[in-house]
Amino acid sequence: MPKTTANQSAINPPRESANWCGWTLGVLFFALCATHIANGAGHFYPEPSWLAGAFVVVGFAASIAALSPPLPLVSVIMAAGIAGGIGGILVAFSAATGYPLGPMEFTLAAGPRIANLLPWWMPMVWASIALSSRGTARFLLQGQRQHPQHGYQVILASTGLAVFANILFAHFGTHSDRYWRHDLAGSLFHSSGHVFHLVIQVAITALLLDKYPGERPSNPRPALVWVCIAAIFALGWLTG
């Protein structure tokens with residue numbers, strides 16, 4: 001039986017615990033979303049005030065855990081910080097000045113706000129959309145890894161998925177003035193928002209590059225998270 005060398009160990013780091021964590025959080029997020037969607041359709045019980053917050057926090061953790069193997073966890077967390085920071089700054093500036101996403105007036109349902117401008121959960125939503133979109137694009141384009149333009153393909157696909165999820169988010173957030181009001185419904189999917197999703201995907205690329213050579217098994221966990229996020233926004237918009 002061939003021995004495992006130090007170099008081979010460095011190239012193939014242990015991933016079992018990270019995989020287990022990623023799947024656990026992904027399944028938990030799926031169960032939370034399924035319960036929320038079922039209750040929205042059947043109204044089986046009054047929705048507790050903490051449910052929306054739990055959805056955001058668990059989704060954020062699941063989007064990070066889904067990408068962490070084989071990517072270093074620290075790099076994924078830093079990418080989440082960049083994505084959430086850019087999104088949070090954009091929303092805060094828009095709430096204060098009306099630019100670049102248009103004026104936004106948050107309702108009481110949005111919860112506590114940072115500096116009376118930014119809902120505490122908004123950066124986590126932007127980060128979750130960015131990371132899950134990136135991982136889903138990598139999963140869908142797994143067979144194109146040898147293509148010379150694979151990196152650009154992933155960035156463009158990630159941006160498209162993020163824009164689509166954000167369109168649903170904007171409709172969800174403004175439907176019946178749920179979380180914010182705006183003169184033009186769906187302010188966050190204004191054309192300027194599309195550009196910033198591209199900026200985010202470019203900004204986090206260096207952190208989300210696979211530093212280890214060789215073939216990697218497909219990772220469907222980010223796709224599970226992305227589908228859950230899109231479903232909760234779409235059904236919440238249509239049934240809310």
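A nonpolar core is a set of buried Ala, Val, Leu, Ile, Met, Phe, Trp, Tyr and Cys residues joined through side-chain atoms within 4.5 Å. Buried here means under 20% relative accessible area, while exposed means over 50% and partly exposed covers what lies in between (1.4 Å probe, protein chains only).

The model is predicted, and local features need pLDDT of at least 70, side-chain atom pairs count only at pLDDT 80 or more, and totals for chains, interfaces and linings use all residues. Residues are numbered from 1 along each chain as its sequence is written, and side-chain values use heavy atoms, with hydrogens and water left out.

The protein chain has eight helices and four strands; these are DSSP runs numbered from the N terminus, with helices (H or I) of at least four residues and strands (E) of at least two. Along the sequence their pattern is α-α-α-α-β-β-β-α-α-β-α-α. Of the 240 residues in the protein chain, 46% are buried. Contact means heavy atoms within 4.5 Å. Among the contacts in the protein chain with a separation of 6 or more, 75% are between residues 24 or more positions apart.

The largest nonpolar core has 56 residues, and Phe29, Trp121, Met122 and Phe233 touch the most other members. At least two residues of this core come from each of helix 2 (16–42), helix 3 (50–67), helix 4 (73–97), helix 5 (122–140), helix 6 (150–174) and helix 8 (221–239). Helix 5 gives the largest share, nine residues. Apart from neighbours within four places in sequence, Phe29 is in contact with Phe55, Val58, Gly59, Ala62, Val225, Cys228 and Ile229.

Aromatic rings are the next topic. Rings of Phe, Tyr and Trp (its six-membered ring) pair if their centres lie within 6.5 Å; planes under 30 degrees apart count as stacked, over 60 as edge-to-face and the rest as tilted. The count by this rule is ten aromatic pairs. One of them, Phe169 with Trp180, is edge-to-face, at 5.3 Å centre to centre and 70 degrees between the planes. Phe169 lies in helix 6 and Trp180 in strand 4 (residues 180–181), so the pair ties together parts that are eleven residues apart in sequence. Phe169 counts as buried because its relative accessibility is 2%, and Trp180 counts as buried at 0%.

Phe172 and Tyr179 form a tilted pair, 5.8 Å centre to centre with 55 degrees between the planes. Phe172 is buried at a relative accessible area of 11%, as is Tyr179 at 15%. Ring pairs link Phe29, Phe55, Phe106, Trp121, Phe169, Phe172, Tyr179, Trp180 and Phe233 into a cluster.
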